[in-house]
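Subject: Handover of a structure

Dear colleague,

Please find the structure below.

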Amino acid sequence: MHGWSGKILDIDLTRGTFETRALDMDMAHQFLGGRGLGARLLWDLVGPGVDALSPENVLIFCTGPLTASGMQTSNRFSVTTKSPLTGTVLDANSGGWWGMQFKRTGYDVMIVRGRAAQPTYLEITPNGLQFHDASALWGKTVFATTDALGQDNNRRNVLCIGPAGENRVRFASIMNDRARALARGGPGAVMGSKNLKAIVVEGNEKNTAVDMDLYKFMLYETGKLVKASPLTNQALPEFGTIVMMNVINDIGALPTRNFQASQFEGADAISGETLRETLLVGNQACWACPISCTRVSRTDKGEGEGPEYETAWAFGAECGIDQLDAIVEANWLCNDLGMDTISAGVTIGCAMELAERGILDSDLRFGRADLLPRALRHIAYRLDLGAEMAEGSFRFAASHNAKEYSMTVKGLELPAYDPRGMQGQGLLFATSNRGACHMRGNMLGPEVLALPRLIDRLTAQGKAGIVAIHQNSAAVLDSLVLCKFVNLAVTEEYFARMLTAVCGTRYTADDLMRAGERVWNLERLYNLREGFTEVEDTLPRRLLQEPVRAGPSEGYVVKLKPMLEEYYEFRGWDKHGVPTAARLKMLGLDTLPNLQCREEKKPTIARHNGQAPVLAGGVR
Amino acid sequence: MIDQRLYEQFRDIGRDILLTGLTSSHGGNMSVRVGNHCIIKRRGAQLGRLKPEDFITTSIYENDSGVTRASTELIVHRMIYQKTSALAVIHSHPRTAIALSLTRDEIIPIDVEGSYLLHKIPVVAAEFASGSPQMAELVAETLREYKIIMLRGHGCFSVGQTLEEAFHWISCLEEVSDIILETHLLGEQHLEFRKHSEAYARW
Amino acid sequence: MARVKLYGNLRRLSATPHCVVQGATVREILDALARDNARLRAALFHDDALAEHIRITRNGRDIRHAQNLETPLSENDELAIFPPVAGG
C-alpha cells in the first residue's frame, strides 16, 4: 500500500461479524487519516442523543497515510468516539508499536460497533480476524493482560483496557504496548461498555512510498533536522517532558493544590532534574523514533515507564505532593488500572479541596501521597468515594453542589498550565474541541519557550491568530498521525513533501494547514450538533475571577472574553462561534451530509438518525 | 497610526533590508496580516526610513483603505493572505537573485546554509510583472508551496509568521545567489560535497 | 546582585548550581558565572552573544521582555537560566 490501503475493517460486536469496506478516497485525501478521518466518520455514524456508553456509540481506530512508512515517529494512531466524560467528539492518539502493526494488517481504519454478549477480545493476524472469549482475562489489569496475550513489540501488539475501562470509569484509558495510552476523555469506558477487553494485531504488509527517491531524500533531510535540534537530540532524550516542571513553576504557571496557587514549593523535588539524579534508569523510544523521550524509572517497588510532565504534575503539584517515588508508583498503578493520569490527578485534587473545605467527608488532604494508591484503586473499582470520583471531577463536584472546584472545560480536566499565567493557553483550553487540552495547539512554544519566537504570555491581545494556527497545525499532526515532538524540528513543508512521496498525490504545506482547519471546523460542527454553544467556550470560574495571589503571575486572571471575540473572527465564525456558510464552503464542508449551507444564512443541521435538529447559537 | 511595537519591527527590518543592499531606496514593500486585514507600507515611502504614518490598513479581500493605488503590489499581498496562511509578506529586489532569475527557472543553493533553509527557489514569470491580477495569482499559488520565490527580472516575494522570518528568507536568498555567482566567476571546478545534492531540484 | 539558579543540564556544569552572584546586569552575572568555568561559558555563549535557545528569566519574567543581557538587576532578584528544553 502507498499511504492508504483503502480498506476499512468494520466489526459488529453484537452480531459477532465483520466485513471489509472500501475507504472513500476523496474523504481520505480531504481528512488525511487519524483524527481527521475519525471525525469525518464519526459525523456519519454517531449523532446527537446517542449515549456514549451505549452500543450505538462506536470506536474508530485510525492510522494515517504515513503510519508504518518508516518516517521518524510514524508509529502513532488514534481512536475516535463520542466521549462519555464530555459528550463531545473525542479523539486520542498514542505511540508505541500497535498503530504500526495494525497498519501492517492491511487496513487504514477499524470501526467497532455494538456490544458483545460476553467479554471478548479480537485478534487480527495474516490469517484474518478472530473473535475470542475474554472471560478469563476480564478483571485482569493492563500489564497482566498485555503479557497474557503475548506482547512482543515488533511482532505482536496488544491494545487493551484495565479494570477502570471494564467498570466504565468516565476517564478510563485504552492502553497499548503495555504503557502507551489513548488517555483522555474516557475511550476505555466506551471499550468496556462494549465488553471488548483487547485487540491483538500481527501484520506483514508494508506501507511503501510511490516515489522512493523523493522518500529517501526527505527521510535524510528530516533525519538531519531531528539530529540538529537540541530539543529533539538532547533535551528530550536526556530529561523527558518532566523537565518542564521547573520551567513552568519558574514563570508562576504551575497549578498547585487544585489551581489555588500557581507556584509549588515542592516543584524542584518532582522535577526532571531531580528524577535524573535519583530514580531515572534509562529512556525508551517508540517504533521508528530517534528522539526517545520516554523515561524509565526505578523505585524500591519496581521499575517501569514514566513519568511524563503531565503525570508528575497531576499527582504532584496538583495534589500538593512532593514525593517523587510516590508519583512514579502512582503512574504505574494508573497505567495498570487503565486511567488517564491527568483526569485522575485533577479529580483527586478536587476531592482533596472539597475535603479540606469540609464539603466532603473524607480523609483525603493535599500532600497525602500515601492515600494516592487507595484513591486510584477505589476509582478504578468504583469503591466507596471512588464510585463518585469515577464520574469525573465535574459530575463529582456537581453532586456536592461544588461545581466551581472542578477544574474542567466541557467536562475535561485541565492539564499542567495555569492559564492565568499564560493567556493564550487559556484561550486554547476554552476552545479545544475535546475539552481543556494542551495537545491541541500547545501555546507553551510561543508563550514560554520562544519557539519559534517569544510572545508575551501575560497579554491577552493578539493571541487569537496564533492559537488558531497552532490548533490547525496540531490537527495536521494528529491526522497524519505523527508525534508532536518531531514537529519541534520538522515543519509542514517537510511533512507535505514526505506525504507526496509516500502516497503519490501532490500536497503542499498549505494543503496540510487547510486540512487541519477543515478537521477543526468539522469537530466544531459535531459539538454544535450535540448542543454545545459559545457558553461552553469558557474556563473554570476560579481562573476567570480569582487573581493569582503570589508569584510572577500575581494579580492575573484570564481575560477570556476579548480573546474569544478575536478568535471567532479570525476563524471566520459568527459572533456566537458558529462557522459561517462562507468559511464552510471554503473548506469543502458545505457538502457534509445532514448539513444545509445556504449563502448568507447560518448553516442548519438537518435531522440526523431521526433525532431533532440541534443548532448552535442557543437554539436547541 | 499603527501599534508602536509593530511599527518598530517594520522600521528596523526595512532599514536592514536597505542597508544590506536588498532593495533600492523606494523599492520593495512589506505587510503583516492582522485578523482579516493587512497593514502595508504605503506607495512612495522609503523602506529604509519608515515613519509611523507610512502605513495603510486594508481588508485582505478588497482595497477598502480609501487610498487608490495604496501600494504598488497591494493586490499581490492581499492574494497571498487569501490563499496561504502567511502572517507577513516582504517583497524586495535582491540584485544577484534577480540576475540569476533571468537565466534559469529555479535557483538551487550550492552552499550548506542555503540548501538547509531554502532547498530551492522557483522562478516564475509574468508578462506584466507588476501589480496585475495574473501575477498576483501566480505568486500566491507558488507561495503555497515555497517560503520564498523569484519573479523573473523583478524581485522576490517571501512569507513568514513574522516579518523577521520573511526577512530571514530574503537575506538567505541573496547570500545563496552571491555564492552561486562568485563560484561561477572563480571558474574553477565545483567540488560537490553534500549527500543527495542532486535531489534538491526535486524540493 | 542576584540569586542564580541553573536548570536542566546546566546544573551539572557548575559545582554551585544555586548561588548568589554579584552584578548589576544580567550580562555581568553571566560573565561572573562563566569566568572560571569554560564548560558553562561554552554552554551559555556563542561568540559574545547568548547562545540560541538559552532562556533566562528574572523573577519569572523572560529577559527578552526587558533589555535582554543589559537588563538591570535589583537586590534579591532571582535569575533562572534554562538550556534548550521542550515538553508537552
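Chain C contains an open sheet of five strands in the order S2-S1-S7-S5-S6, with mixed pairing. Here strands are DSSP runs of E of at least two residues, and helices are runs of H or I of at least four residues, both numbered from the N terminus; two strands pair if DSSP finds at least two bridges between them. Strand S2 (18-21) and strand S6 (61-62) of chain C are the edge strands, each pairing on one side only. Strand S5 (residues 55-58) and strand S7 (residues 77-82) of chain C are antiparallel and pair over four bridges. Arg58(C) has Leu79(C) in S7(C) as its bridge partner.

This is a predicted model: local features need pLDDT of at least 70, side-chain atom pairs count only at pLDDT 80 or more, and totals for chains, interfaces and linings use all residues. Residues are numbered from 1 along each chain as its sequence is written, while chains are lettered from A and ligands numbered from 1 in the order in which they are written.

Turning to the chain contacts, two residues are in contact if their C-beta atoms, placed from the backbone, lie within 7 Å. Two pairs of chains touch, and chains A and C have the most contacts between them. Their contact takes 27 residues from chain A and 20 residues from chain C. On the side of chain A that touches chain C, helix H8 (230-239) and helix H9 (244-250) are the elements that give two or more residues; H8(A) provides the largest share, six residues. Chain B and chain C do not touch, and their nearest C-alpha atoms are 12 Å apart.

Yours sincerely
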